[in-house]
Amino acid sequence: MAKIFAITLILIAIGSAIPILRHTWWISEDISAHGRPIDEQMSETMAEAGISFLASQILLAIFVWKYSQPRPGERIRSFPGGATGLVIAAFLLVGTEVLALGVFGAKAWADIYLTPPSPNAMPIQVQAGQFAFYFRYPGPDGIFGPIHPEQVSEANQNFFGLDTTHDAASKDDIVTAEMAIPVNREIHLLMHAKDVGHSFYVPELRVHQDFVPGLDLSVHFTATKLGKYEIVCTQLCGLGHYNMKAYLTVMSPEDFDAWLKKEAALQ
Amino acid sequence: MHDSSAHAQVAHQAPTSFIRKHIFSIDHKVIGKQYYGLALVAVFVGMFLSWLMRLHLGWTNLAIPGLHLLSANGAPGDLMTPEYYLQLMTMHGTIMVFFVLTTAPFAAFGNFFLPIQVGAEDMPFPRFNMMSFWVTFAAFLVLIASFFVSDGPTLGGWTQYAPLSAVGQVAGPGQGTGVVLWAASIAIFCIGQLLGSLNFITTTLDMRTKGMSLWRMPLSTWAWFITSIMGLTAFAVLMPACILLILDHVAGTSFFVPSNLVLNDQLQTHSGGSTLLWQHLFWFFGHPEVYIAIVPGMGIVSHVLIANMRRPMLSHRVLVYSMGALAVLSYMVYGHHMFVSGMNPVSSIAFSFPTLIITIPSTIIVLMWLGSLYGSKLRINSASLFALGMISMFISGGVSGFFLAQPSLDILLHATYFVVGHFHLVMAVAAIFGIFAGTYFWFPKMFGRMMNESLGKLHFWLTFVGTYCIFMPFHYLGLAGNVRRYQAFVDDYTMSLLPVHKFITVAALTTGAAQFIFLYNLIHSRFWGEPAPDNPWQATSLEWATPTTPPPYDNFGGKLPVVYHDPYQYGVEGSAGDYVMQNSAEGVRGSQDEA
Amino acid sequence: MATTVHEPSIEDPSRLGTTSGHGGWRNLVPGEVELRAVEHYAPPPASTGIWVALAAISMSFLALTSALVVRKGGSFDWRHFNLPIILYWNTAVLVASSVSLEVARRQVATFMGGQRQKVQNPSRWLYVTLFLGFLFVAGQYVAWRQLRAQGLYLATNPSSSFFYVLTAAHGLHVLGGLGGLIRVLHLLGKFVLRRSTLDATSRYWHFMDVLWIYLLVLLSIKL
């Protein structure tokens, strides 16, 4: 029985590792300017976690195999080095490992979150509400008109609660249901939650940020590859949560200008 | 202030009426069994809910025959609605975390065995103990009652993030009465666990028998003691949080609801509340809670393994210190649940380091287990198999923690199935394996009968392989960016993942079915199992030193044991057996832990 | 070294002791009618238990305190209001009740010590404490009524929300303490009161006192 356990365990451990090694299911291809340290951190962590996983499972299997059929009269033995050795090993090996992961991980994080957006980053506002994203481009004046919560109305298609009759800045704002951005241009995404918590997750873009009601946050990023990607909500927001998504199209600057013009005409 | 002479009088006389004996009993052993029974009911309810969820995820448009009987609104024409899926999911999480993973390893086994393992007749406040169970039971009923309100239970997930949980009905089905019942249930549950923790801590500190110094307590006792300290602080924070949540609902306050929310085109009247406040309060409880679930499992597994390895741990104290370190660190790491929540990014880094550091005590615990296996005389039986399985699960679930501890990787993995795989393995399955190990090991003492070993092993193999088949693929899904808490997968990039979901569903149904072997074994052995000897595993701690099996009303038949040794005197040469019991006056020279 | 070597049994009487353990309460049944001074071998669980309970209560109020700080810090809708003056009178009443309880505790201790003649009625000061305790609760209720009269309800403003929540939570705990006092009086009347019960009750009561002063300071600074 112990041998079956050992063999099963080793099979499970190796079987679990194969899809990881073969990248059968793997993180999506990075299309962001900032994603590289994250991906490197991912591979690094995967290597260390994978080795820890395989080593401990196989060791467990070997020990179970080996020590489950003692000869009669055999005395029990202690692991060489005893508890002290193992504690020191844990501190040295795992301690340095996690410290390294922590330091490099913190650096990758700080590069993204603790650097301000460049002043000429393109501002786009995204509003999350049950169960759709809406986007707003400031238009030629470069200013977002103020939001009037009492005027927000799905019924009247006034998703942001804009008062275009009184607010000059709102007049040229362009509201869209899909997001388009020019490639290789930094985007400063201003996030606003209309009702409950939502999240903005574009795996390929390595961007993931919750919308916090009552607290307008922002993220900034640069997409480096043309294409159409999905923005999904990852913060449980109600019954339509699974279906809350929008498309993000990364366009060439010319296409983007054309698209924006077309959208402006539709307002 | 609450002790009374009445306790002293009843402590020695067993009650005779059925109600005092089996229902409103103040005997810690009966209360322990009651908790076990509650957890058993809860775990099958929770598992049933997960079956429905998995069926729906694998085959979204499949009509599940008879589902409309459960909820006419939630499953018209036997087809599960999106909100009903989320309601089942929320109830699955809540029932499992609170009423299984907290009650079974901690409250059930702890109640039955902690007083016996320290050589006490009972807990110091038996009536609080009785109240603790019945309050917990009431909490369970309140939670289940939310299935029967018009729009069903809450759909907000077991974490109940505000403002979804706090704005009321307008946020969706179940967000009105459902949330209030949920929060009331959890607040009541907290009272029960606070009363339980009070008893556990006081028993450990004050009720130890002669010679039972702190370091002579078995590892399971240590684990329950450490857990009860965590429980005392964590539940004391969750309870006021739940009360504030209820007030936001019923009294119109704005603790968690900010201004200017527009739901259904209606501007909400709340103003100025902080949604992150709920997350801070919840996770300050929530992270210790996962250790409340797993630390007793660690203690139980150590206890079970030692008896089956026929040797003590490499170091008793290192294991205790490591569990203590987990408890202390568990309060400093909760922010890792909130890396992308909009919390200050500097806090994310500050929370990342303790989260990574917590792997050190966890690793030490695993290394102690592995190092103790080396050179042991391992016995293979259902109990030890589940204990070994728990170690394997804990390792598998633990390594994925390396990823989730880092905010930069959380960008990719937060709220994906990777997280679901991680916590299911490391706290849910590992804790459940601990419960199984404890059950196979202690059942003879609890019920006076042996469990069926062949069925136990069959149960182990199906469960062990099955759980890996369920939860390993979760990690792959998460890497591919599959978001959790979706009732169906409609994103383009998730289409290729559907076969994985179908595989998981089949594995979940099979593994779930295997649990009925356990249920059968449990019930059959309870009534028709072979009578158990007093010490079937030749173990050393005091629960095996009771005069009868199951132990008499006052545990030791009026004569409390005196303790001479450290808890695990195995591998003793020259003795009649290879072990010396804690209450045996036999001397043991050169024992490593005696120093 | 994991292997242990077995040697013949040592009969050391000092290691054997009596059949009873260290534990407190099971050894402590009082005499037939007379109260006896019972000195305990180990601390009775009530005196440990009360500290554990107080730790849990402190934790809950700490959670509410941090909720208050966070809620106030992150919002623009916080409105200051003046605390009703009666709260300070209530504070004096609660402090007085603590003093009277301490007097009572010492008297009962002397009484239980067997010197019955010296103290005629040890429960008198307990009744004073009980009265002052109820007076405090009534005073808190008056404070609520005064705020109501000013139009400050639970949901009016976060400041009033926290005021009601904190005072209600504290008030409920005080009511629990009053229940404990009534129990002490009941046990004393039946001559079955134990020192540990009385001590634990008075510790709880003093703690309610300290907690209230803490809350008052918190409210006066933060509201």
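Which residues have the most contacts inside the largest nonpolar core? In this predicted model, local features need pLDDT of at least 70 and side-chain atom pairs count only at pLDDT 80 or more, while totals for chains, interfaces and linings use all residues. Residues are numbered from 1 along each chain as its sequence is written, and chains are lettered from A, and ligands numbered from 1, in the order in which they are written.

The largest nonpolar core comprises 337 residues, and those with the most contacts inside it are Ala39(B), Met368(B), Ala430(B) and Ala437(B). A nonpolar core is here a set of buried Ala, Val, Leu, Ile, Met, Phe, Trp, Tyr and Cys residues joined through C-beta atoms within 7 Å; a residue is buried if 20 or more other C-beta atoms, placed from the backbone, lie within 10 Å of its own. Helix H5 of chain B (residues 82–117) gives the most to this core, with 22 residues; helices are DSSP runs of H or I with at least four residues, numbered from the N terminus. When residues up to four places away in sequence are not counted, Ala437(B) touches Ile300(B), Val301(B), Val304(B), Ala383(B), Phe386(B), Ala387(B) and Met390(B), contact being defined by C-beta atoms, placed from the backbone, within 7 Å.

Between chains A and B, 89 residues of chain B are in contact with 89 residues of chain A. On the side of chain B, the largest share, 10 residues, comes from helix H12 (residues 359–373). That side divides into 56 nonpolar, 25 polar and eight charged residues (Ala, Val, Leu, Ile, Met, Phe, Trp, Tyr, Cys and Pro count as nonpolar, Asp, Glu, Lys and Arg as charged, and the others, Gly among them, as polar).

Within chain A, the axes of helices H1 (residues 2–21) and H2 (residues 35–67) come within 7 Å and cross at roughly 165 degrees, the axes being lines fitted to C-alpha atoms over the stretch in contact and the angles running from 0 to 180 degrees between N-to-C directions. H1(A) is therefore roughly antiparallel to H2(A), a term applied to angles over 145 degrees. The residues of this contact include Phe5(A) and Leu9(A) in H1(A) and Phe53(A) and Trp65(A) in H2(A); by class, the contact has 17 nonpolar, two polar and one charged.

Helix H9 of chain B (residues 275–309) packs with helix H2 of chain C (residues 45–73) at an angle of about 155 degrees, with their axes 10 Å apart. H9(B) and H2(C) are therefore also roughly antiparallel to each other. Leu277(B), His280(B) and Leu281(B) in H9(B) meet Ala63(C), Ala67(C), Val70(C) and Arg71(C) in H2(C).

Definitions and conventions
Helix = DSSP H or I, 4+ residues; strand = E, 2+ residues; numbered from the N terminus. Parallel < 35°, antiparallel > 145°, perpendicular 65-115°, else oblique. Contact = placed C-beta atoms within 7 Å. Buried ≥ 20, exposed ≤ 12 C-beta atoms within 10 Å, placed from the backbone.
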